[in-house]
Amino acid sequence: MTDPVAYGIAVLAVLVAGFAGWHVVKRREFGNPLFYAVSVLEVVLIVMLVGGSVALSQTSREVDGVLFISYLLTMVIIPPAAVVWGIAEKSRWGTGVVVVAMLTVAALSIRLLGIWEGIYA
Amino acid sequence: MPDRPDTSHGFGRVLVAVYAIFALAASARSIVQLITEVESDTVVPYVLSAFAGVVYVLATYALAVNRRRLALVTIGIELVGVITVGIVSLVDEELFPDQTVWSDFGRGYLFIPLVLPFVGLWWLRRTSGPEQE
């Protein structure tokens, strides 16, 4: 768990948020390209969950383990939940849900770094 | 929009999503705090975190299933809560040694907790009455 990982995920999430935001502005329906973009992020987050868990078990840092893992799990759950909630909405706001979700993932990623470094301990 | 406006459709879809995230954030924070950090002399922020969590969960549910009265009450409590706690946490820092979602008007959450109830009330007003769009 390092700065590039956390910021990398945050940047990726913000990019997907931007793509979803473009859908909102252009009134595009939730389509395959956006689905793939969210999927890529989801795969990264799952890798992050596994990698983060391994790193947690091996680190000598004073990391709040429960908080750390709960953040990782929340980040994995949010994208599919947003897709399910958003795809059922046939107006432009369906993709708006994805914007909110992606920005949340970005924020959680930055906070996760803080937890890893013990800032909120 | 259908003839009968529903609080969970259109823009409401996004609003429910934001409320759901804050329901999760507030209640999860509260559970973690209650398990790990409560000491007898610092009970105020933890009770408030738990209360805020319940309010957000109820507001999310109310908006998602179009229960307007419950939505109005919970969003009203949320508005009063964030402003009261915001003021008190600035005036009396000792009462709040630990953060809640409403501390400092929700600064730790980009002030979204301060803006959210206004958006929620606007949305309830906007979707009220079948004659509106």
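Two residues are taken to be in contact when heavy atoms lie within 4.5 Å of each other. In the predicted model described here, the contact between the two chains draws on 15 residues from chain B and twelve residues from chain A. The size of an interface is often given as the accessible area lost when the parts come together. For chain B and chain A, this buried area comes to about 1200 Å², with 69% of it on carbon and sulfur atoms. On the chain B side, Arg13(B), Val14(B) and Ile21(B) supply 44% of the area buried against chain A, a share that exceeds that of any other three residues. Zero salt bridges are counted between chain B and chain A.

Chain B contains four helices and zero strands, and its elements follow the order α-α-α-α from the N terminus. Of the 133 residues in chain B, 45% count as buried. Where contacts in chain B join residues at least 6 apart in sequence, 66% of them connect residues at least 24 apart.

The largest nonpolar core comprises 66 residues, and those with the most contacts inside it are Met102(A), Val105(A), Tyr19(B), Tyr56(B), Leu63(B) and Trp102(B). Two or more residues of this core come from each of helices H1 (3-26), H2 (32-58), H3 (65-87) and H4 (93-116) of chain A, and likewise from each of helices H1 (11-36), H2 (43-64), H3 (68-91) and H4 (112-126) of chain B. The element that gives the most is H4(A), with twelve residues. Apart from residues up to four places away in sequence, Leu63(B) touches Thr7(B), Ser8(B), Leu15(B), Val16(B), Tyr19(B), Ala71(B), Ile75(B) and Leu124(B).

Aromatic side chains were examined next. Over all chains, a search of the whole structure finds twelve aromatic pairs. In one of them, the ring centres of Trp93(A) and Phe11(B) are 5.2 Å apart and the ring planes are at 80 degrees, so the pair is edge-to-face. This pair crosses between chains, from helix H4 of chain A, where Trp93(A) lies, to helix H1 of chain B, where Phe11(B) lies. Trp93(A) is partly exposed because its relative accessible area is 27%. Phe11(B) also forms an edge-to-face aromatic pair with Trp123(B), at 5.4 Å centre to centre and with 70 degrees between the planes. The latter pair links distant parts of the chain, given that Phe11(B) in helix H1 of chain B and Trp123(B) in helix H4 of chain B are 112 residues apart. With a relative accessible area of 3%, Trp123(B) is buried.

One aromatic cluster is formed by Tyr19(B), Phe22(B), Phe51(B), Tyr56(B), Trp102(B) and Tyr109(B). Leaving aside neighbours within four places in sequence, Phe51(B) is in contact with Ile77(B) and Trp102(B). The C-alpha atoms of Phe51(B) and Gly120(B) are separated by 19 Å, these residues being 69 residues apart along the chain.

Two arginines are placed over aromatic rings of the partner chain. Arg111(A) lies over the face of Tyr109(B), at 4.8 Å from the ring centre.

Over all chains, the count comes to one salt bridge. Arg107(B) forms a salt bridge with Asp104(B), and their closest N and O atoms are 3.5 Å apart. Arg107(B) counts as exposed, at 53% relative accessibility, whereas Asp104(B) is buried, with a relative accessible area of 13%.

Most residues other than glycine have a negative phi. Phe105(B) has a positive phi, near 60 degrees, and Phe111(B) has a positive phi of about 65 degrees. Phe105(B) is found in the loop between H3 and H4 of chain B, and Phe111(B) is likewise placed in the loop between H3 and H4 of chain B. Phe105(B) is partly exposed, with a relative accessible area of 21%, and Phe111(B) is partly exposed at 36%.

Note on methods: Residues numbered from 1 in each chain as written. Chains lettered and ligands numbered in written order. Heavy atoms only, no water. Core = buried A, V, L, I, M, F, W, Y, C linked by side-chain atoms within 4.5 Å. Buried < 20%, exposed > 50% of the residue type's maximum accessible area, 1.4 Å probe, protein only. Phe/Tyr/Trp six-rings, centres within 6.5 Å; stacked < 30°, edge-to-face > 60°. Lys NZ or Arg CZ within 6 Å of the ring centre and 35° of its normal. Buried area = accessible area lost by both parts, 1.4 Å probe. Salt bridge = Lys/Arg side-chain N within 4 Å of Asp/Glu carboxyl O.
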